[in-house]
Amino acid sequence: MRGAPYAIYALLDPGDPNQFSEPGPFDGTPFYVGQSCKIEDRIAAHLRSSQHLTADSRLVHRHIAWLLGIGRLPRVAILDTAQTRSQSLMAELRWGQHMLRAGFELANNSSDFAKLMSVSELEFWLDHSRAQMLASDAIREDIAIVHTCTCGHEDRWIDPAEHALFRTQRLRLTRIAAETRKCPGCGNDCEWRLDDWNLLKAFGARPGNGGRRENPN
């Protein structure tokens with residue numbers, strides 16, 4: 001993976017070896033696009049889940065189980081690499097949309113992901129996916145949670161590093177945002193978004209309660 005921590009990959013149906021198929025850009029037919037920072041563990045998890053199907057099993061695992069049932073072992077193609085979680089999510093979405101436009105059907109869990117999206121839908125999907133990011137990934141990317149009070153009180157910057165220090169490794173930004181959402185001025189739930197400290201500093205923003213970074217000015 002050339003030193004990049006994240007891999008964007010496709011799972012491929014190798015096809016019936018006894019039937020002729022037209023040459024294509026992949027060694028098989030793509031049916032799933034994903035991304036991971038631990039690609040070998042991720043593929044192993046796909047195969048394990050496909051052998052223990054339940055009523056809640058994902059579509060991709062059902063498809064893998066079907067392939068295994070007819071004697072086909074799925075192939076893996078590394079499509080791209082990325083340095084950060086955000087870049088990896090964007091590359092995953094870009095490749096997914098590329099596959100759909102090329103006529104391939106995807107067994108991704110999200111029904112939104114497995115369809116061609118408008119620009120607004122793409123932005124919403126990316127925002128939603130980044131909000132599910134692990135705090136550890138957000139810290140590496142220098143991401144902050146910014147709370148904006150609907151009553152007009154000062155914005156607050158929340159540093160995931162302060163909340164992740166003594167917490168589970170699976171702590172997600174959505175959990176931190178929910179725990180810090182109450183405005184200390186009025187007690188209402190704030191609206192929140194993700195931003196980065198460098199960008200906030202560039203625009204001269206000042207951290208309110210909950211942000212440990214020094215005043216950028």
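A polar contact is a pair of N or O atoms within 3.5 Å; within protein, one must be able to donate a hydrogen and the other to accept it, and residues adjacent in sequence count only if both atoms are side-chain atoms. This is a predicted model: local features need pLDDT of at least 70, side-chain atom pairs count only at pLDDT 80 or more, and totals for chains, interfaces and linings use all residues. Residues are numbered from 1 along each chain as its sequence is written, and side-chain values use heavy atoms, with hydrogens and water left out.

**Exercise 1.** Find which backbone oxygens the side chain of Arg-156 contacts.

Solution. 
- Start in strand E5, where Arg-156 is found.
- The backbone oxygen of Thr-180 is 3.0 Å from a polar atom of the Arg-156 side chain.
- Now check burial: Arg-156 is buried (under 20% relative accessible area).
- Arg-156 has no salt bridge (a side-chain nitrogen of Lys or Arg within 4 Å of a carboxyl oxygen of Asp or Glu).
- Asp-155, the nearest side chain of opposite charge, is 7.9 Å away.

**Exercise 2.** Work out the strand order of the open three-stranded sheet.

Solution. 
- The order is E5-E4-E6, with antiparallel pairing.
- E5 (156-158) and E6 (191-196) are the edge strands, each pairing on one side only.
- E4 (residues 143-148) pairs with E5 over three bridges; strands pair if DSSP finds at least two bridges between them.
- Val-146 stands opposite Trp-157 in E5.

**Exercise 3.** Locate the one aromatic pair in the whole structure.

Solution. 
- Rings of Phe, Tyr and Trp (its six-membered ring) pair if their centres lie within 6.5 Å; planes under 30 degrees apart count as stacked, over 60 as edge-to-face and the rest as tilted.
- The ring centres of Tyr-9 and Tyr-32 are 6.2 Å apart and their planes stand at 40°, so the pair is tilted.
- Both Tyr-9 and Tyr-32 are buried.

Methods. Helix = DSSP H or I, 4+ residues; strand = E, 2+ residues; numbered from the N terminus. Buried < 20%, exposed > 50% of the residue type's maximum accessible area, 1.4 Å probe, protein only. Lys, Arg positive; Asp, Glu negative; His and termini not counted.
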